[in-house]
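Take a walk through this protein with the model open beside you.

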Amino acid sequence: MNLDTQEPVVERLGVLETAALLRELTAGLIGLTDFDEALLALVRVTRDAVAGVRWCGFTALRAGEPAGVAASDDRMAGLDDLRHGPDSPAMEAIRRREMILAVDLTGEARWPDWTPRARDLGVRGVISAPVDIDDQVIGAINLYAAAPDVLTPQHQLTAMLLAEHAGLLLAAVRDRGRQQALAGERDASLLHEGVVGQAIGVIMTQRGCPAVEALDVLRTAASSLDIPLREVAERLVRTVSRPRES
């Protein structure tokens with residue numbers, strides 16, 4: 001074996017591993033609308049996909065205030081929760097807007113309150129990378145190792161790429177969530193609005209279904225006929241309002 005080729009091979013494997021992680025994250029988050037659900041998927045996929053990382057967590061801030069955490073393992077959640085205090089690698093990464101690395105927590109003195117808790121839970125190394133999501137929410141993704149000197153420059157590169165990709169995916173999740181909420185508000189108004197509300201009532205009576213399902217029936221008909229929803233409702237109401245021939 002040519003030993004000179006070992007390092008490039010390892011680097012290529014690391015790149016392939018990172019690419020596979022980003023693809024899996026995209027597949028797992030692309031259809032989500034719930035931010036907390038997306039965070040949980042993010043940390044669990046990362047934990048399972050990155051060799052040498054035993055646990056993964058995410059720390060979120062909204063408008064400068066703690067906005068939740070996600071942990072790949074429930075017992076580790078306290079390490080990512082800023083309600084326990086701002087003394088943590090995650091908060092330092094967010095504050096300084098740069099990656100924070102500690103390959104061995106044995107003699108680590110930067111976070112005097114956080115480090116003993118981390119060591120008690122079995123953490124021996126950590127990488128925290130800042131994640132920009134949108135104008136309101138920022139965060140940090142935290143990779144934890146169970147042994148010292150496990151986290152390498154390849155892990156740092158993975159964390160950097162992961163943070164960039166996660167920011168884009170999580171921004172999209174928040175945007176879809178906002179759109180879904182607006183659509184829900186529009187649906188609520190349609191249920192009681194004039195001719196559309198009447199048509200929904202007709203469908204509910206005919207099918208014995210709830211109002212939301214009746215609205216979906218109207219929408220499907222409008223899409224199939226390629227005409228506005230209100231016109232479909234008007235046609236239905238006119239049809240049922242016609243006097244029956246004797």
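**A loop and its neighbours**

Arg97 sits in the loop between H4 and S3. Helices (H or I, at least four residues) and strands (E, at least two) are DSSP runs, numbered from the N terminus. This is a predicted model: local features need pLDDT of at least 70, side-chain atom pairs count only at pLDDT 80 or more, and totals for chains, interfaces and linings use all residues. Residues are numbered from 1 along each chain as its sequence is written, and side-chain values use heavy atoms, with hydrogens and water left out.

Look at the backbone of Arg97. Its phi is positive, about 60°, although Arg97 is not a glycine. Arg97 follows H4. The cut-offs are under 20% relative accessible area for buried and over 50% for exposed, with partly exposed in between (1.4 Å probe, protein chains only).

Now follow the side chain. Asp132 and Arg97 meet in a salt bridge, 2.2 Å from N to O. The pair links distant parts of the chain, since Asp132 is in strand S4 and Arg97 in the loop between H4 and S3, 35 residues apart. Asp132 is exposed, with a relative accessible area of 52%. A salt bridge here is a side-chain nitrogen of Lys or Arg within 4 Å of a carboxyl oxygen of Asp or Glu.

Arg96 has a salt bridge too. Its partner is Glu98, at 2.4 Å from N to O. Arg96 is partly exposed at 42%, and Glu98 is partly exposed at 34%.

Step back into helix H4, residues 89-96. This helix is mostly covered, with six of its eight residues buried. They are Pro89, Ala90, Met91, Glu92, Ala93 and Ile94. What do the buried residues of H4 pack against? The list is S1, strand S3 (100-102), helix H5 (114-120), S4 and S5. Contact means heavy atoms within 4.5 Å.

**Other salt bridges**

The whole structure holds eight salt bridges. One of them joins Arg174 and Asp134, at 2.5 Å from N to O. This pair also links distant parts of the chain: Arg174 lies in helix H6 and Asp134 in the loop between S4 and S5, 40 residues apart. Arg174 counts as buried, at 12% relative accessibility. Asp134 is partly exposed, at 24%. Elsewhere, Arg47, Asp48 and Asp73 form a network of salt bridges.

**The whole chain and its cores**

How many helices and strands does the protein have? There are nine helices and five strands. Along the sequence they run α-α-β-β-α-α-β-α-β-β-α-α-α-α. Of the 246 residues, 39% count as buried. Among contacts between residues at least 6 apart in sequence, 59% join residues at least 24 apart.

Turn to the interior. A nonpolar core is a set of buried Ala, Val, Leu, Ile, Met, Phe, Trp, Tyr and Cys residues joined through side-chain atoms within 4.5 Å. The largest such core has 33 residues. Leu42, Phe58, Ile141, Leu143 and Leu170 have the most contacts inside it. Helices H1 (6-29), H2 (35-49) and H6 (153-190) each give two or more residues to this core, as do strands S1 (55-62), S2 (65-71), S4 (125-132) and S5 (137-145). H6 gives the most, with seven residues. Apart from this core lies another, of 17 residues, with Ile203, Ile227, Leu236 and Val237 among them.

**Two crossing helices**

Find helix H7 (residues 194-207) and helix H8 (residues 211-225). They pack at an angle of about 110°, with their axes 9 Å apart. Axes are lines fitted to C-alpha atoms, for helices over the stretch in contact, and angles run from 0 to 180 degrees between N-to-C directions. H7 and H8 are therefore roughly perpendicular to each other, a class that covers 65 to 115 degrees; under 35 counts as roughly parallel, over 145 as roughly antiparallel and the rest as oblique.

Which residues meet? From H7 come Val196, Ala199, Ile200, Ile203, Met204 and Arg207. From H8 come Ala211, Ala214, Leu215, Val217 and Leu218. The residues of this contact divide into 10 nonpolar, no polar and one charged. Here Ala, Val, Leu, Ile, Met, Phe, Trp, Tyr, Cys and Pro count as nonpolar, Asp, Glu, Lys and Arg as charged, and the others, Gly among them, as polar.

End at Asp226, in the loop between H8 and helix H9 (229-241). Its phi is near 60°, a positive value in a residue other than glycine. Asp226 counts as exposed, at 70% relative accessibility.
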